[in-house]
Amino acid sequence: MAQAAAADTERHRRLAPDVVEALRDVGLMRCAAPAGLGAPQAPPADALAGAETMAQGDAATGWCVSIAMTTSLLAAYLPADGAAEIFGDPRSIAAGVWAPRGTARPVDGGVVVSGRWSFASGIRHADYFFGGCLVDDGRGEKDGVRARRSVGIPTAQLRILDDTWQTSGLRGTGSHDVVAKDVFVPTHRTLSLSDGPVIDAPLYRFPVFGYFALAVAAAALGNARGAIDDLLDLAGRKVPDGARRTLGEKAVTQAAVAQAEASLRAARALFYAAIEDAWRAARIGGTVTVGLRTGLRLAATHAARTSADVVRSMYDLGGGSAIYDDSPLQRRFRDAATATAHIQVSPSTWETTGRILLGVPTETDRL
């Protein structure tokens with residue numbers, strides 16, 4: 001369904017309504033919320049594989065699934081009544097931006113929030129939005145840092161700036177800027193990731209920041225698999241100008257496809273192996289060590305950036321056929337390039353993980 005609607009999704013810069021309804025029905029968008037709310041509380045590998053599969057059909061759909069499922073993790077960090085309010089409905093979807101682009105001023109019973117957040121993926125189909133805020137409590141900074149909170153706001157109380165998501169790729173995610181102006185948020189809809197989850201379960205012992213990065217990479221992996229599929233379809237029927245053989249019968253195509261397939265399989269194997277290693281530690285109740293968290297970030301960044309290389313290779317093989325708006329390969333190419341711009345899988349991740357591997361003192365709280 002997502003693949004069939006991909007062109008319309010991109011054109012309208014939001015997921016097609018029937019796709020959203022189907023995702024609500026299967027519960028994939030809140031699959032990381034606690035079982036106590038009737039949600040799947042799915043293991044990371046299972047949830048991420050679901051996002052990957054959706055991205056194989058359409059990268060924007062897979063991306064929105066990734067964002068929604070990672071946001072549903074926040075249910076384990078909220079007070080029970082807040083978690084029930086936001087995630088208790090089995091069809092509820094939440095979007096979120098971790099970056100602290102808002103301010104939260106404490107008042108009786110909660111906080112008053114104002115701010116503007118960019119990259120609010122899926123905001124048009126979300127019921128709630130979580131925005132990162134710096135707390136403005138008049139007490140200044142502690143150890144040079146102001147306290148952070150994430151606040152859950154009904155999307156009906158936000159202003160969505162429809163003209164802000166004019167991008168080359170991932171257009172269908174509808175990642176518009178959103179604005180809050182003096183919105184009251186009760187305490188039960190606020191949380192602090194640094195305080196840790198209020199539910200002790202393997203899923204919530206799994207590194208939350210690592211999960212965020214893995215979700216971005218899962219969408220990239222699915223997009224790369226879809227690009228190979230699209231090229232295989234094209235190669236079986238396209239006869240290049242001046243040639244008598246199809247694109248698929250050319251040696252250069254065969255070698256490039258084989259290399260892309262090997263690269264993608266290797267990146268995917270590392271991705272799920274790193275997840276399994278960290279998940280094993282989370283299941284037995286121990287600490288997910290810095291080494292395991294480093295492995296997650298290495299695997300996520302490698303997967304996203306290798307996926308972009310694979311898509312670029314398939315786009316190149318498509319030649320002139322791939323440059324038209326009705327070619328899925330050109331959309332895959334633009335989506336892949338846009339995905340690598342995400343901070344969670346940017347080249348700066350190599351620097352952070354490299355410092356850790358070299359034994360250089362490094363901040364690891366958000367690893």
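**Entry 1: the largest cavity**

I started with the lining of the largest cavity. I listed Ala-59, Trp-63, Leu-170, Val-216, Ala-219, Ala-220, Asn-223, Asp-335, Ala-336 and Ala-339 there. I keep in mind that this is a predicted model.

I then sorted the lining by element. Helix 4 (59-72), helix 7 and helix 10 are the elements that give two or more residues to the lining of this cavity. Which element gives the most? I found helix 7 in that place, with 4 residues.

Next I looked up the classes. The lining of the largest cavity has 8 nonpolar, 1 polar and 1 charged residues.

I also noted the volume. About 50 Å³ of space lies in the largest cavity. My count of cavities of 30 Å³ or more came to 3.

**Entry 2: helix 7 against helix 10**

Helix 7 and helix 10 both turned up in that lining, and I looked at the pair next. Helix 7 covers residues 208-235, and helix 10 covers residues 328-339. Their axes come within 10 Å and cross at roughly 160 degrees. Angles over 145 degrees count as roughly antiparallel, so helix 7 is roughly antiparallel to helix 10. I put the crossing down as left-handed.

Which residues make the contact? From helix 7 I wrote down Val-216, Gly-222, Asn-223, Gly-226, Ala-227, Asp-230, Leu-231 and Leu-234. From helix 10 I wrote down Pro-328, Leu-329, Arg-332, Asp-335, Ala-336 and Ala-339. By class, this contact has 8 nonpolar, 3 polar and 3 charged residues.

I checked these names against Entry 1. Val-216, Asn-223, Asp-335, Ala-336 and Ala-339 are among the contact residues. Those five names are also in the lining of the largest cavity.

**Entry 3: the largest pocket**

I moved on to the largest pocket. About 1,200 Å³ of space lies in it. How many residues line the largest pocket? I found 41, and Trp-98, Ala-99, His-342, Ile-343 and Gln-344 lie nearest its centre.

Strand 1 gives the most to the lining of the largest pocket, with 6 residues.

By class, I have 19 nonpolar, 16 polar and 6 charged residues in the lining of the largest pocket.

Notes: Residues are numbered from 1 along each chain as its sequence is written. This is a predicted model: local features need pLDDT of at least 70, side-chain atom pairs count only at pLDDT 80 or more; totals for chains, interfaces and linings use all residues. Side-chain values use heavy atoms; hydrogens and water are left out. Axes are lines fitted to C-alpha atoms, for helices over the stretch in contact, and angles run from 0 to 180 degrees between N-to-C directions. Angles under 35 degrees count as roughly parallel, over 145 as roughly antiparallel, 65 to 115 as roughly perpendicular and the rest as oblique. A crossing is left-handed if the near helix is turned anticlockwise from the far one by less than a right angle, and right-handed if clockwise. Contact means heavy atoms within 4.5 Å. Ala, Val, Leu, Ile, Met, Phe, Trp, Tyr, Cys and Pro count as nonpolar, Asp, Glu, Lys and Arg as charged, and the others, Gly among them, as polar. On a 1 Å grid over the protein atoms alone, a cavity is a set of points where a 1.4 Å probe fits but cannot get out, and a pocket is an open set with protein on both sides within 12 Å along at least five of seven lines; lining residues have an atom within 4 Å of a point. Grid points are joined across faces, edges and corners, and a volume is the space filled by probe spheres set on the points.
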